[in-house]
Amino acid sequence: MALTFPDADRTELAVLGSPIAHSLSPRLHAAAYDVLGLPFSYGRHELASGGLAAFVAGLGPEWRGLSLTMPLKREVLPLLDRTTPLVDELGVANTVAFRREGSSVVLAGANTDVEGIVRPVAALGHVPGEAVILGGGATAASALTASLRLGASLVRVFLRDTGKAGDLVLLAARLGVTLEVHDLQDLGSADPMGFVVSTLPGGAADELPLVPSGPDAVLLDVAYAPWPTRASAAWTAAGGRVLNGLDMLVEQAIGQIRFFLTGDDDELLPAEAEVRRAMRTAVGLPESIG
């Protein structure tokens, strides 16, 4: 199909971060733009902390947008002319769109990481009353917000260093959700869990005693290579359901494409179901979630 879109001459996009060579974003976006019939080029650029402002300043009029990984998700904030409410809430943007307004170019920022968690969990029909988050970085902040949107009223976060929970505590207070902070070593005494988001690096959760509370229990392990992790395999063997980082990556990429094309990360794409199937197939996932 062919899609009519504004700023048709803006066809360049890329993902930035460090390290970036492993990123699957180019594969995902290429699959989507092929379905949509868009002549976009989406690449990757290794960019360390401190280099974002100069990189953006050097871009030409052919650029439509950027996807950002850490450490750039916070560094981009001073460069943005406009932000979505979620960016303001979390202080993190993973998406930048360049928009032409008269003779000016406006940089608009969005955060699609939260919906990257919400949509696959919601697709399983899971409504958590409580959530457990492992780790305390930027993804944990997105997981906290996603847990609230999914229905959780209590979130327990487990950290190696509980002294680094300050940002999450402040965010929970703004969101109005009850947050308990625990040492990761205390996880062994935790009860069976209904909803867990592990934001730990691949394999770091493998020795943790993660026990599903029943067949509806969901573990979202943001790791995806190698897969399955031992933690996810143990969770499945105990009867729970598992999502991985690729499920999240596909959904946050769909939000980015919506923002690049329409200016709204909530506005559905034409043929979005076909786009989703193509993207999931491109990274080796089943065509549908669950």
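Which strands does helix 9 lie across? I looked up helix 9 (residues 245–262) and found it across strand 1, strand 2, strand 3, strand 5 (95–101) and strand 6 (104–110), running at about 10° to strand 5. Angles here run from 0 to 180 degrees between N-to-C directions, with axes fitted to C-alpha atoms (for helices, over the stretch in contact). Helices (H or I, at least four residues) and strands (E, at least two) are DSSP runs, numbered from the N terminus.

I noted that this is a predicted model: local features need pLDDT of at least 70, side-chain atom pairs count only at pLDDT 80 or more, and totals for chains, interfaces and linings use all residues. Residues are numbered from 1 along each chain as its sequence is written, and side-chain values use heavy atoms, with hydrogens and water left out.

I traced six strands in an open sheet, order 2-1-3-5-6-4, with mixed pairing (two strands pair if DSSP finds at least two bridges between them). Strand 2 (41–46) and strand 4 (82–83) are its edges, each pairing on one side only. Strand 1 (residues 12–17) runs parallel to strand 3 (residues 63–68), joined by five bridges, and I saw Glu 12 opposite Trp 63.

Then helices 6 and 7. I have helix 6 (residues 138–150) packing on helix 7 (residues 166–175) at about 25°, axes 10 Å apart.

Note on methods:
Contact = heavy atoms within 4.5 Å.
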